[in-house]
Amino acid sequence: QLTHPAPPCSWRRSADDSADGMIIYDDRSWFKLIFAWTGSVLPNIWILLLVWVGIVSLSYYFLDLEDLKLGTDEGSMLGGTMSFLLIFRANQAHARYWEGRTQISWFFSDLRDFLMFLSLYLKGGARQMVWDSGAKKRHSVPEDEHDVLARKFRVDTARLCIAFAVLLKSHTRMQLDGYCFGSISKETKWDLDWDRLRLRQLLKDWEFQLVDARIGTFGKPNTTEAFVKQFKGRYDEGPPDDWPAEFKVDTKPMARAHLAVAYLLKEQLMENMNDPLNSLPHGIKERMIPLLANYLKSALCSFEAVSVIMGTPLPLPYA
């Protein structure tokens, strides 16, 4: 298994010339703020900007040389009106950014609280009872069958929650270009395959096949061996040269991968719910299940909110 964390990719734009991050600025320098490169749109429009500056400069020089005037009006409403509309659009974009940032924070907070309360409510067996009591000889008490079942439940829910978080990252890679416009770049596919490798190590084989089929089919093997061969020793090199520039993505409406993982988490809750007859002594009392289910519901709502923000274009004000 690949256990090292994902480092910054050298084949992508570095932090000094990337348009993929926020603007990091020094509030003591207005010059650096105005001409910030990182996080701004300049890396994407600098060529068009230079062309526009050239056209405007040549036009001004020609008019001055020939002593020509384009009309007799000293002023126009166009500049003021456009500035007014751009301010509204900038405010909308800022509000949407903060909404997305808040939803992501709520998502991870809900997953964290879900695991915390699950661990607190899970009864376990004899060893867990001694452990919870704080007895000094708690290490000497062997695990019974209820401890084993409780430990398995904790492991399963923990790995599924991590997979849920990984899917939030992979979904943001796919949502706009892939699920809305039907294709992703080979660079995005490379990052997506790294996420799929992480999922492959977190999920059982049948779980991964269920989840991966809802991410997208790309005509390549999705086994652990295939992913390890793809990334081992060459993660920073980026996608191979023989890859196509774009990969097609199915845009038909369907249940996406995060819904499959949410279902598996709820299935774990139901399978380990202890009813009034004490049929599962190691499990969670049935009256605690709604609280845990609400945390999952809240995490799903945050996930969907992020998806909506990415997939819905900003409307032009007063359009």
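# Close-up views of the predicted model

**View 1. Helix H5 gives the most to the lining of the largest cavity, with five residues.** Here a cavity is a set of points, on a 1 Å grid over the protein atoms alone, where a 1.4 Å probe fits but cannot get out, and lining residues have an atom within 4 Å of a point. Before going further: this is a predicted model, where local features need pLDDT of at least 70 and side-chain atom pairs count only at pLDDT 80 or more, while totals for chains, interfaces and linings use all residues. Residues are numbered from 1 along each chain as its sequence is written, and side-chain values use heavy atoms, with hydrogens and water left out. Back to the cavity: its volume is about 60 Å³, and the count comes to one cavity of 30 Å³ or more. For that volume, grid points are joined across faces, edges and corners, and the space filled by probe spheres set on the points is taken. Besides helix H5 (145–180), helix H7 (205–215) and helix H9 (257–271) each supply at least two residues of the lining.

**View 2. Who lines the largest cavity?** The lining is made of Leu167, Ser170, His171, Met174, Tyr179, Arg214, Ile215, Arg256, Ala257, His258 and Phe303. Sorted by type, that gives six nonpolar, three polar and two charged residues. The sorting counts Ala, Val, Leu, Ile, Met, Phe, Trp, Tyr, Cys and Pro as nonpolar, Asp, Glu, Lys and Arg as charged, and the others, Gly among them, as polar.

**View 3. Arginine 256 has its charged end over the ring of tyrosine 179, 3.8 Å from the ring centre.** The rule for such a contact is that NZ of Lys or CZ of Arg is within 6 Å of the ring centre and within 35 degrees of the ring normal. Arginine 256 and tyrosine 179 are both among the residues lining the largest cavity. The loop that holds arginine 256 runs between strand S2 (246–248) and H9. Arginine 256 has 12% relative accessibility, so it counts as buried; buried means under 20% relative accessible area, exposed over 50%, and partly exposed in between (1.4 Å probe, protein chains only). Valine 211 is 45 residues from arginine 256 in sequence, and their C-alpha atoms are 8.0 Å apart in space.

View 4. The structure holds 15 aromatic pairs. In one of them, phenylalanine 84 and phenylalanine 88 have ring centres 4.9 Å apart and planes at 65°, so the pair is edge-to-face. Rings of Phe, Tyr and Trp (its six-membered ring) pair if their centres lie within 6.5 Å, and planes under 30 degrees apart count as stacked, over 60 as edge-to-face and the rest as tilted. Because phenylalanine 84 and phenylalanine 88 are four residues apart in helix H3 (residues 77–121), about one helical turn separates them. Both count as partly exposed, phenylalanine 84 at 45% relative accessibility and phenylalanine 88 at 32%.

**View 5. Phenylalanine 107 and phenylalanine 303 also make an edge-to-face pair, with 5.9 Å centre to centre and 70° between the planes.** Phenylalanine 107 lies in helix H3 and phenylalanine 303 in helix H10 (residues 289–311), so this pair ties together parts that are 196 residues apart in sequence. Both phenylalanine 107 and phenylalanine 303 are buried. Phenylalanine 303 turns up in the lining of the largest cavity too.

**View 6. Ring pairs join Trp190, Trp194, Phe231, Tyr235, Trp243 and Phe247 into a cluster.** Phe247 also has a charge over its ring: the charged end of lysine 189 sits 5.1 Å from the ring centre.

**View 7. The loop between strand S3 (273–274) and strand S4 (284–285) holds proline 276 and asparagine 278.** Proline 276 counts as exposed because its relative accessibility is 70%. Arginine 287 is 11 residues from proline 276 along the chain, with 9.7 Å between their C-alpha atoms. Asparagine 278 is partly exposed, with a relative accessible area of 38%. Its phi is near 60°, a positive value in a residue other than glycine.

**View 8. Zooming out, the chain has 10 helices and four strands.** Helices (H or I, at least four residues) and strands (E, at least two) are DSSP runs, numbered from the N terminus. Starting at the N terminus, the order of elements is α-α-α-α-α-β-α-α-α-β-α-β-β-α. Of the 319 residues in the chain, 33% are buried. There are zero disulfides in the structure, a disulfide being a pair of cysteine sulfur atoms within 2.5 Å. Cysteine 180 counts as partly exposed at 36% relative accessibility, and cysteine 301 is partly exposed at 46%.

Definitions and conventions
1 Å grid on protein atoms, 1.4 Å probe; cavity = no way out; pocket = protein on both sides within 12 Å on 5 of 7 lines; lining within 4 Å.
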